[in-house]
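User: Hi, could you walk me through this one, slowly please? I'm new to reading structures.

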Amino acid sequence: MRTPLLACLFALGFVTKAWSAEPTSQTPNVLFIYLDDCGWRDAGFMGSDFYETPHLDALAERGMVFTNAYSCAANCAPARASLLSGQYSPRHEIYNVGTERRGNPKHGSLMHVPGTDTLSTDIRTWAHQAKAAGYKTAMIGKWHLSDDPLPYGFDVNVGGTHSGSPPKGYFPPHPKAPGLEDASEDEYLTDRLSQEAILFMQQHRDEAWLLYLSHFAVHTPLQAKPELVAKYQAKQPGTLHDHAVMAAMIESVDDGVGRMVAILKEFGLEDKTAIVFTSDNGGYGPATSMDPLRGYKGTYYEGGIREPFFVTWPGVVEAGTTCEVPVIAADLYPTFCEMMGAALPANQKLDGVSLVPLLTQESGIADRALYWHFPAYLQSYARIDGQRDPLYRSRPCSIIRDGRYKLHEYFEDGGLELYDLVSDPGETNNLAIENPLKTRLLHSKLVAWRKQTSAPVPTEPNPNHDPAKEQQAIKKATKKFAGR
């Protein structure tokens with residue numbers, strides 16, 4: 001059973017241990033496993049009653065699980081840009097997948113802010129910092145931020161391109177995916193990426209290394225090995241989860257984790273390697289559930305941005321521990337640097353803070369708010385029950401979480417939604433009118449943050465907007481979903 005960490009409960013202060021600014025013999029290798037569209041509860045250690053993840057569960061039990069861990073965005077590209085840059089989206093200006101307007105152009109009263117679809121090469125990533133500290137670096141799997149990850153501090157790239165989806169699915173051929181051209185006819189992509197990670201660890205077992213294993217799984221298309229699908233089709237459905245193909249995809253990820261842990265043991269690297277696990281955004285709504293959280297991938301309710309997250313770091317992180325402090329993916333940049341004894345970038349603003357004080361339990365981190373900014377539109381898919389309206393998973397908005405409270409601001413209608421996440425993690429009871437003082441306080445903080453980061457707020461009217469047709473579409477979508 002996990003034990004709460006008193007040191008993690010919104011503690012004040014900073015790390016007291018004199019951590020080295022240079023790599024040493026005690027500096028760990030870092031294996032960073034990053035999944036795509038894996039929801040907050042899509043693993044056994046997070047409470048799934050159907051998906052099977054024994055290897056991830058065992059790793060989580062050896063380390064610290066964060067129960068209030070967040071992505072910086074509710075969908076792929078902006079989440080990854082924030083992860084690599086250590087910055088909130090207004091700084092790197094990747095707001096959505098692509099720069100085009102999403103959804104019906106007659107719906108939505110504002111013009112979106114397109115931003116960019118490529119991470120600037122002027123931005124130094126944590127891979128740059130690791131490489132400068134003497135680490136061998138690799139990116140294996142989904143990149144999604146440019147045509148090639150190598151200019152961003154990586155020595156090795158296998159599979160990484162600008163594409164956000166698996167190259168022609170999870171079975172070969174994999175056209176234009178570097179390093180995957182030789183895939184055998186029955187090879188499963190998730191298995192291959194895990195094997196490439198093992199190969200990298202074998203080749204560099206006598207060097208310090210940082211491995212970013214960025215699985216395409218469990219992003220659509222939902223495809224899995226037939227024998228695993230059959231296994232879950234024959235299994236009793238859970239109350240929370242019951243999707244056989246999703247379960248099979250997750251098991252393939254977990255099998256690869258087991259093989260990686262075995263190779264670390266074989267080469268005597270298990271105690272010299274820190275393992276970090278999380279996902280880029282909420283789960284795929286039509287196939288999984290984040291209950292009791294509201295929402296899913298693409299929404300800025302908790303189910304769209306809260307993630308499974310653990311850190312295993314032998315000799316540093318106490319096994320079987322849990323941290324309830326809200327943390328965010330931008331925190332991984334300074335965390336990785338402190339773990340590796342790497343310097344922080346000299347002239348680049350970082351929005352995250354190092355989590356090492358929480359991991360070591362020697363101190364806490366200063367109280368702070370977390371922020372999200374989405375000046376765009378993201379259309380619905382085959383589920384609408386976790387959204388503000390049935391046409392869009394999200395409309396232009398900004399979000400702040402400060403302590404137990406979370407405030408949403410929606411720019412089209414000026415709507416404010418205030419939730420107490422401790423008593424109402426499902427964001428069902430809007431307290432904005434009931435608690436005007438807290439609403440004004442958080443809104444003023446959110447506005448000040450937008451000013452500080454030069455966050456663009458869309459104000460230009462959409463010339464194609466047809467309010468009557470939009471309302472008609474809302475009624476039609478609501479009726480269609482209610483009839484299922």
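Analyst: Let us begin with a term: a residue is called buried when its relative accessible area is under 20%, exposed when it is over 50%, and partly exposed in between, using a 1.4 Å probe and protein chains only. The model is predicted, so local features need pLDDT of at least 70 and side-chain atom pairs count only at pLDDT 80 or more, while totals for chains, interfaces and linings use all residues. Residues are numbered from 1 along each chain as its sequence is written, and side-chain values use heavy atoms, with hydrogens and water left out.

User: OK, so is glutamate 251 buried or exposed?

Analyst: Glutamate 251 is buried, since its relative accessible area is 11%.

User: And what does its side chain meet?

Analyst: The side chain of glutamate 251 forms a salt bridge with that of lysine 231, at 2.9 Å from N to O; a salt bridge here is a side-chain nitrogen of Lys or Arg within 4 Å of a carboxyl oxygen of Asp or Glu. Lysine 231 belongs to helix α6 (residues 226-233) and glutamate 251 to helix α7 (residues 244-266), so this pair ties together parts that are 20 residues apart in sequence. Helices (H or I, at least four residues) and strands (E, at least two) are DSSP runs, numbered from the N terminus. Lysine 231, for its part, has a relative accessibility of 33%, and therefore counts as partly exposed.

User: How many salt bridges does the structure hold?

Analyst: The structure holds 27 of them. One of these joins glutamate 470 to arginine 395, with the closest N and O atoms 2.9 Å apart. Because glutamate 470 sits in helix α12 (residues 467-482) and arginine 395 in the loop between β15 (392-394) and β16, the pair ties together parts that are 75 residues apart in sequence. Both glutamate 470 and arginine 395 are buried.

User: Which residue does lysine 406 form a salt bridge with?

Analyst: Lysine 406 pairs with glutamate 427, and their closest N and O atoms are 3.1 Å apart. This links distant parts of the chain, as lysine 406 is in strand β17 and glutamate 427 is in the loop between β18 and α11, 21 residues apart. Lysine 406 is buried at a relative accessible area of 0%, and glutamate 427 is buried with a value of 0% as well.

User: You mentioned β17. What order do the strands have in the sheet of four?

Analyst: The order is β13-β16-β17-β18, in an open sheet with antiparallel pairing, where two strands pair if DSSP finds at least two bridges between them. β13 (369-374) and β18 (415-420) are at the edges with a single partner strand each, so one side of each is left without a neighbour in the sheet. From one strand to the next, the twist averages 10°.

User: How many bridges hold β17 and β18 together?

Analyst: β17 (residues 405-410) pairs with β18 over six bridges in the antiparallel sense, and histidine 408 has glutamate 417 in β18 as its bridge partner.

User: Which helix lies across those strands?

Analyst: Helix α11 (residues 436-453) lies across β13, β16 (397-402), β17 and β18, and runs at about 65° to β17. Axes here are lines fitted to C-alpha atoms, for helices over the stretch in contact, and angles run from 0 to 180 degrees between N-to-C directions.

User: Changing topic: which residues are linked in a network of salt bridges?

Analyst: The network links Asp36, Arg80, Lys142 and Asp280. Aspartate 36 is found in the loop between β2 (29-35) and α1 (54-61), and it is buried with a relative accessible area of 0%. Arginine 80 is in helix α2 (residues 76-85), and at 0% relative accessibility it counts as buried too.

User: What does arginine 80 touch?

Analyst: Leaving out residues up to four places away in sequence, arginine 80 touches several residues, among them Tyr34, Asp36, Lys142, Trp143, Ser214 and Asp280; contact means heavy atoms within 4.5 Å. Arginine 80 and serine 214 are 134 residues apart in sequence, while their C-alpha atoms are 10.0 Å apart in space. Under the rule that leaves out residues up to four places away, the contacts of aspartate 36 include Cys76, Arg80, His215, Ser279 and Asp280.
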